[in-house]
Amino acid sequence: MVIKRGYFLITVLLCGALLSGCWDSDELDELGIVVAAGIDKTEDDEYLLVTQVINPSEIATEAPTTRPPASTYSTTGKTLLEAFRKMTHKSPRKMYLSQLRLVVIGKDLAEEGIMQPLDLFYRDHEFRTGFYVTISKETDVETLLSILTPYEKIPANKLMHSIEAVEENHGSSHGITIDELITQIRNKGQNPVITGLLMEGPAESGTNISNVENIDAPTKITIDHLGVLKGDQLVGWMNEDESLGYNYTQGDINSSVVTHPCSEGTAGIEILRGDNNMGVTFENDEPSISIELNLEGNIAEIDCPVDLSQADVIQQLNQQTEEEITRLIEESIAINQNEFETDIFGFGDLIHRKNPKYWKTVENNWDEQFKELVVEIQVKVELRRKGSATQPITKES
């Protein structure tokens with residue numbers, strides 16, 4: 001009987017401990033919810049930290065006000081942890097970091113190296129790892145994160161959704177999370193790419209509430225093309241065609257547009273889906289890479305004097321689209337081999353998996369080997385739909 005009572009008392013005590021609540025919980029009205037962070041270096045070689053924090057009262061109300069939906073706070077520190085803690089001198093609330101959507105790195109810091117400043121974001125338990133890492137291409141991070149954006153109340157959400165929209169519907173960008181970024185920096189067989197952010201228009205109007213009161217906002221933040229990293233350092237930027245070519249090699253094109261000349265006009269082809277296969281072969285102990293793409297698409301727009309009911313016309317458009325996509329891939333590979341000298345395509349990683357013994361002999365100077373690597377490209381396009389008209393629309397009937 002005594003033993004049973006002892007078990008009962010232990011059970012009650014354990015239940016009481018479990019029902020006592022979270023010992024380290026914070027009240028929501030005491031937190032500043034950080035949705036974006038910007039990091040750069042100051043002239044004194046300290047870290048500059050900028051946070052974009054939601055104004056809850058402005059998000060909750062549907063009535064228009066003159067107050068912005070988000071505020072920015074900036075501070076400096078010898079480490080980012082110190083800068084975060086010093087933020088309490090300016091913010092009335094403790095910074096809550098689990099809802100972080102975006103990290104923006106200043107261009108100068110990206111050229112210096114991003115591994116060390118990202119350590120806190122990767123290591124600290126308060127950060128989730130699903131946020132995107134980007135680079136501010138021509139604007140300081142404090143200005144960029146202060147721009148008010150139309151359509152989306154919270155600027156960080158606008159940028160996150162824009163990155164995803166460009167990646168899914170055009171293919172000239174690539175959102176990368178911190179997990180993916182750190183993994184690729186550590187991987188000797190593939191260097192990372194990072195999306196660039198570009199401010200268009202004057203900063204003065206972009207930070208004013210009037211920027212979102214115009215039907216066409218004077219100042220916008222646009223998703224630019226891909227920055228190329230060598231290790232953890234930014235070494236250059238690809239243009240739109242080269243960024244598209246990169247994403248084709250990775251199989252990251254969910255939907256895109258191929259525009260190319262045809263007889264006396266231009267064709268607009270909508271790429272809808274596809275499969276990619278990347279392989280490696282060895283001849284005389286020298287590797288070569290093969291890239292095979294099988295893509296499906298539609299004829300979306302055409303102003304060439306052609307008859308789309310003819311099979312040979314469709315075949316010709318297939319061939320022209322294949323040639324244009326091949327050109328995009330070739331340009332992307334060429335600039336990385338000849339100018340940036342960095343393997344962003346994962347060719348080294350593929351060789352490592354195929355022939356680990358050979359990889360051990362080249363991994364420490366893979367960038368030099370990559371410059372001479374032969375890459376064969378084979379693109380197959382099948383246009384399945386040509387729309388409701390077999391002839392181009394003209395003024396004459």
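Trainee: Where is the place of Gln-190 in this predicted model?
Mentor: Look between two elements, α8 and β7. Helix α8 covers 178-186, and β7 covers 193-200. Gln-190 has its place in the loop between α8 and β7.

Trainee: Is Gln-190 buried or exposed?
Mentor: Its relative accessible area is 11%. Buried means under 20%. Therefore Gln-190 counts as buried.

Trainee: Which side chain does a polar contact join to that of Gln-190?
Mentor: Start with what Gln-190 touches beyond four places in sequence: Gln-184, Tyr-246, Gln-250, Asp-343, Ile-344, Phe-345 and Gly-346. A polar contact of 3.4 Å links the Gln-190 side chain to one of these residues. The partner is Gln-250.

Trainee: Which residues of helix α12 are buried?
Mentor: Helix α12 spans residues 347-354. A residue is buried when its relative accessible area is under 20%. The buried ones in α12 are Phe-347, Gly-348, Asp-349, Leu-350 and Ile-351.

Trainee: What do the buried residues of α12 pack against?
Mentor: Both helices and strands are on the list. The helices are α11 (311-340), α13 (356-362) and α14 (366-371). The strands are β11 (265-283), β12 (286-302) and β13 (374-385).

Definitions and conventions:
Residues are numbered from 1 along each chain as its sequence is written. This is a predicted model: local features need pLDDT of at least 70, side-chain atom pairs count only at pLDDT 80 or more; totals for chains, interfaces and linings use all residues. Side-chain values use heavy atoms; hydrogens and water are left out. Buried means under 20% relative accessible area, exposed over 50%, partly exposed in between (1.4 Å probe, protein chains only). Helices (H or I, at least four residues) and strands (E, at least two) are DSSP runs, numbered from the N terminus. Contact means heavy atoms within 4.5 Å. A polar contact is a pair of N or O atoms within 3.5 Å; within protein, one must be able to donate a hydrogen and the other to accept it, and residues adjacent in sequence count only if both atoms are side-chain atoms.
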